Amino acid sequence: MESEKTSRMPSPNPSAPSTPSTPSAADVGAQWAAHNPGLDTTPMELVGLLKHATGLLNRSVEPLYAGAPLTAPEVDMLIPLRHATEPFIARSLAERLGLSRAGVSKTLGRLEQRGFITRTPNPADRRAALVTITEAGAKAVDDLFPRQLSVEIGLLDGLGEDREWVTKALRRLVAAMEARLGLG
């Protein structure tokens, strides 16, 4: 049975019903430590904050894509293709975006069906197709991406002078993770 502290927040009005709350990373870490004392829960706060920030970012751009011809992840995939001087192969797109090859291949298939990219046989490797953005794909990216950037600028505006410090810290985090995964 969950304790009252972690399952409900006290209501400011004692006669009003309590509302569910989200326990902090420290609370969840303490629960895991009590349940499994040898478990290292130190990553929970940082990873939780990263996931929360990602969720807020996704939520902020979501309205732009309601009724749009592309989704935000599809635009993310088309951006490297937009100004590329040579075609990409799916594997290099997956590596660049940090996505699985299977997921990239599936998304490219949907983009191709809708006319936003073309895939042509690669003369150097028949197993890998060359991916190129179409005029329709470039037009859609040119329409959606600047609007997405505008929303992101507003979302990050509150960082002020700390923005450079946060960017530097996130670059350090990505470099450490890539090195650990043998990618850096």
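Arg114 counts as partly exposed, since its relative accessibility is 38% (buried denotes under 20% relative accessible area, exposed over 50% and partly exposed the range in between, for a 1.4 Å probe and protein chains only). The model is predicted, so local features require pLDDT of at least 70 and side-chain atom pairs pLDDT 80 or more, whereas totals for chains, interfaces and linings use all residues. Residues are numbered from 1 along each chain as its sequence is written, and side-chain values use heavy atoms, without hydrogens or water.

The structure contains 5 salt bridges (a side-chain nitrogen of Lys or Arg within 4 Å of a carboxyl oxygen of Asp or Glu). In one of them, Arg114 is paired with Glu74 at an N to O distance of 2.9 Å. Arg114 belongs to the loop between α6 (101–113) and β4 (117–121), and Glu74 to helix α4 (residues 72–82), so this pair ties together parts 40 residues apart in sequence (helices, H or I of at least four residues, and strands, E of at least two, are DSSP runs numbered from the N terminus). Glu74 is buried, with a relative accessible area of 4%.

A salt bridge also joins the side chains of Asp142 and Arg82 (2.8 Å, N to O). Asp142 lies in helix α7 and Arg82 in helix α4, so parts 60 residues apart in sequence are tied together. Asp142 is partly exposed at 40% relative accessibility, as is Arg82 with a relative accessible area of 24%.

Within helix α7, Arg147 and Asp143 are 4 residues apart, about one turn of the helix. Their salt bridge has its closest N and O atoms 3.7 Å apart. Arg147 is partly exposed at 38%, and Asp143 is partly exposed at 39%.
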